[in-house]
Structures are given as C-alpha cells and as structure tokens.
Amino acid sequence: RSYFLRWSMHCSERTFVAIKPDGVHRGLMGRIIARLEDKGYSIVALKLIKPSKTLAESHYEALQSKPFFADLVAFITSGPVCAMVWEGKDVVAQVRKLIGNTDPLTSAPGTIRGDFGVDIGRNIIHASDSISSAKREIELWFHTQDLIEWNPTLHEWIYEKV
Ligand code: IDP
C-alpha cells in the first residue's frame with residue numbers, strides 16, 4: 001500500500017475546534033493555530049463565522065437544561081467564531097489535552113485555557129470531546145466539500161511509520 005493510503009487509514013482522525021468570540025476578539029487566533037500546527041496536526045478546514053442561534057443551540061444541545069445555556073448561546077452567536085477541522089493521529093484526545101480543563105482556573109499552565117483564560121464563560125476555545133461528537137460537530141459546522149484533502153509533506157517527519 002502507498003504511504004498516503006496507510007497514513008489515511010491510521011492517522012486521519014478528525015476533530016472540530018472553534019476559537020470562541022473572546023479568543024477572536026483578543027487576537028489569539030494566530031497563536032492558537034500555531035500551537036496545533038506545532039504539535040504536528042494538519043488543518044482540514046477553517047472559516048470565520050457568526051453562528052446562527054439554531055447552529056449554536058444544536059452545537060450545545062447536550063447543555064440545554066443548564067442554567068448558563070442562554071448566556072452561552074448568546075455569547076457564541078455574538079461572533080466571530082473561528083471554526084476549524086484538524087486531523088492527525090489521536091487528534092480528538094490530544095487537542096482536548098492541549099486546550100485544558102473547561103474551567104481555565106483549573107487548567108494547567110501550558111494549556112490554551114490555562115495560559116490565556118480566567119473565567120469558565122470566557123474559556124476561549126472549544127474542541128470535540130469524543131470521536132462521535134467530532135463527527136457530529138464537523139457535519140453541523142461544515143459541508144463535506146469544505147473539508148480539504150491534502151498530503152502535508154511534513155508527515156514523514158512527524159510520523160515514524162504508519
Ligand atoms: P467543554 O467546552 O470543556 O467541553 P462543556 O461542559 O461541554 O465543556 O461546556 C461547554 C461550554 O459551556 C464551556 O466551554 C463553557 O464555555 C460553558 N460552561 C460550562 N460550564 C459553565 C458554567 O458553569 N458557567 C458558565 N459557562 C459554562
């Protein structure tokens with residue numbers, strides 16, 4: 001099998017990542033994207049979007065009964081949101097580690113929320129918490145044709161063998 005075929009079988013896990021309005025307003029997009037690139041993951045899709053109420057409510061549908069739900073939806077829809085899809089080996093779990101705990105005050109230094117945030121309602125970034133939610137969220141935020149298939153030449157320097 002070709003290297004690319006083997007790579008896509010083993011390392012093409014995808015996750016949905018969104019820099020929330022606080023992260024965009026605070027000028028953190030470049031630094032956050034750089035961290036994911038630095039780790040070795042590749043970007044598959046990216047758009048700046050002001051999400052509709054419908055989109056925000058479906059995205060956070062599991063939190064509907066929470067007291068902060070209305071504030072959360074109002075905050076996310078205020079925009080802009082930098083919506084992205086990232087790809088690589090174990091990317092869902094690893095990006096969750098890179099972003100840190102939901103509450104920035106308990107996120108370790110070195111994580112995105114630990115380094116850049118203070119309040120839980122202004123925690124800068126979202127990333128899918130499981131492979132199944134990644135699939136759901138990618139389908140919710142992106143059309144299939146917006147996901148770019150490409151073959152980063154750096155892969156052979158990031159993956160020993162696949
Ligand atoms: P996650 O974003 O780390 O996956 P979730 O529990 O799914 O955490 O919560 C989604 C988002 O809802 C959080 O990122 C945060 O912005 C917001 N949120 C969660 N808990 C609270 C809270 O107690 N007060 C205010 N906002 C909260």
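In this predicted model, the count of disulfides, each defined as a pair of cysteine sulfur atoms within 2.5 Å, comes to zero. Cys 11 is buried, with a relative accessible area of 0%, and Cys 82 is likewise buried, at 2%, where buried means under 20% relative accessible area with a 1.4 Å probe and protein chains only.

Polar contacts, that is, pairs of N or O atoms within 3.5 Å, involve oxygen atoms of the ligand: an N or O atom in the side chain of Lys 20 lies at 2.8 Å, a polar side-chain atom of Asn 123 at 2.8 Å, and a polar backbone atom of Ile 120 at 3.3 Å. Taken alone, the ligand exposes 530 Å², of which the protein buries 73%, with areas from the Shrake-Rupley method and a 1.4 Å probe.

Residues are numbered from 1 along each chain as its sequence is written. Local features need pLDDT of at least 70, side-chain atom pairs count only at pLDDT 80 or more, totals for chains, interfaces and linings use all residues, and side-chain values use heavy atoms, with hydrogens and water left out.

Definitions and conventions
Polar contact = N/O pair within 3.5 Å; in protein donor to acceptor, adjacent residues only side chain to side chain. Buried < 20%, exposed > 50% of the residue type's maximum accessible area, 1.4 Å probe, protein only.
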